[in-house]
Amino acid sequence: EKVIMNVTEITPSPEDTSNWADPSDAYIVSGSISGPLLVFVLYTFCRFKRLRKHPAPLMFARTLADTGFIFATLLLSAVVDDDSLGVTTKANICSSWGPLIAFFFMTSQFYFIGMCYDLYVALRYPL
């Protein structure tokens, strides 16, 4: 016996989608965990001079980029989730904050590449 399913049987109705988790919830949870930890790293780097040896400046710069990325993403998700704003206002906010978020993300990744290259040089040509 063949079982034939109709697409409407597996597609949720609009009433069912209201219970789905909003992606901005993940941003809020991960940002609220990562934010204080990144601030702690920044504080310890500024407070303790003995921790400023190489490669700490590379990690510090990456932490600054990650902090900017997280706070910009949290702010954007909080503003976009505001239902009192119009569609054009949300579009203007997204178009102005999008490049900033991309900048922080790319900066963080380039610092990671720099840290990888530094590790490669240190292991390839030891003193």
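Q: Which residues of α3 are buried?
A: The buried residues of α3 are A56, F60, A61, T63, A65, T67, G68, I70, A72, T73, L76 and S77. Buried means under 20% relative accessible area, exposed means over 50%, and partly exposed is in between (1.4 Å probe, protein chains only). This is a predicted model, where local features need pLDDT of at least 70 and side-chain atom pairs count only at pLDDT 80 or more, while totals for chains, interfaces and linings use all residues. Residues are numbered from 1 along each chain as its sequence is written, and side-chain values use heavy atoms, with hydrogens and water left out.

Q: Got it. What does the secondary structure of the chain come to?
A: Four helices and zero strands, running α-α-α-α from the N terminus on. Helices (H or I, at least four residues) and strands (E, at least two) are DSSP runs, numbered from the N terminus.

Q: How far apart are the end C-alpha atoms of helix α3?
A: They are 36 Å apart, which agrees with the 36 Å that its 25 residues (56-80) should span at 1.5 Å a residue. The expected span is 1.5 Å times one less than the number of residues.

Q: Which residues make up the largest nonpolar core?
A: Five residues do: A72, L76, I93, I101 and F104. Both α3 and α4 give two or more residues to this core, and α4 gives the most, with three. A nonpolar core is a set of buried Ala, Val, Leu, Ile, Met, Phe, Trp, Tyr and Cys residues joined through side-chain atoms within 4.5 Å.

Q: And what does L76 touch?
A: Leaving aside residues up to four places away in sequence, L76 touches I93, C94, W97 and I101. Contact means heavy atoms within 4.5 Å.

Q: New topic: how many salt bridges does a search of the whole structure find?
A: One. R62 pairs with D66, and their closest N and O atoms are 3.9 Å apart. A salt bridge is a side-chain nitrogen of Lys or Arg within 4 Å of a carboxyl oxygen of Asp or Glu.

Q: Where do R62 and D66 lie?
A: Both are in helix α3, four residues apart, about one turn of the helix. An α-helix has 3.6 residues a turn, so residues three or four places apart point the same way.

Q: Why does F105 count as partly exposed?
A: Because its relative accessibility is 40%. F105 is found in helix α4 (residues 87-124).
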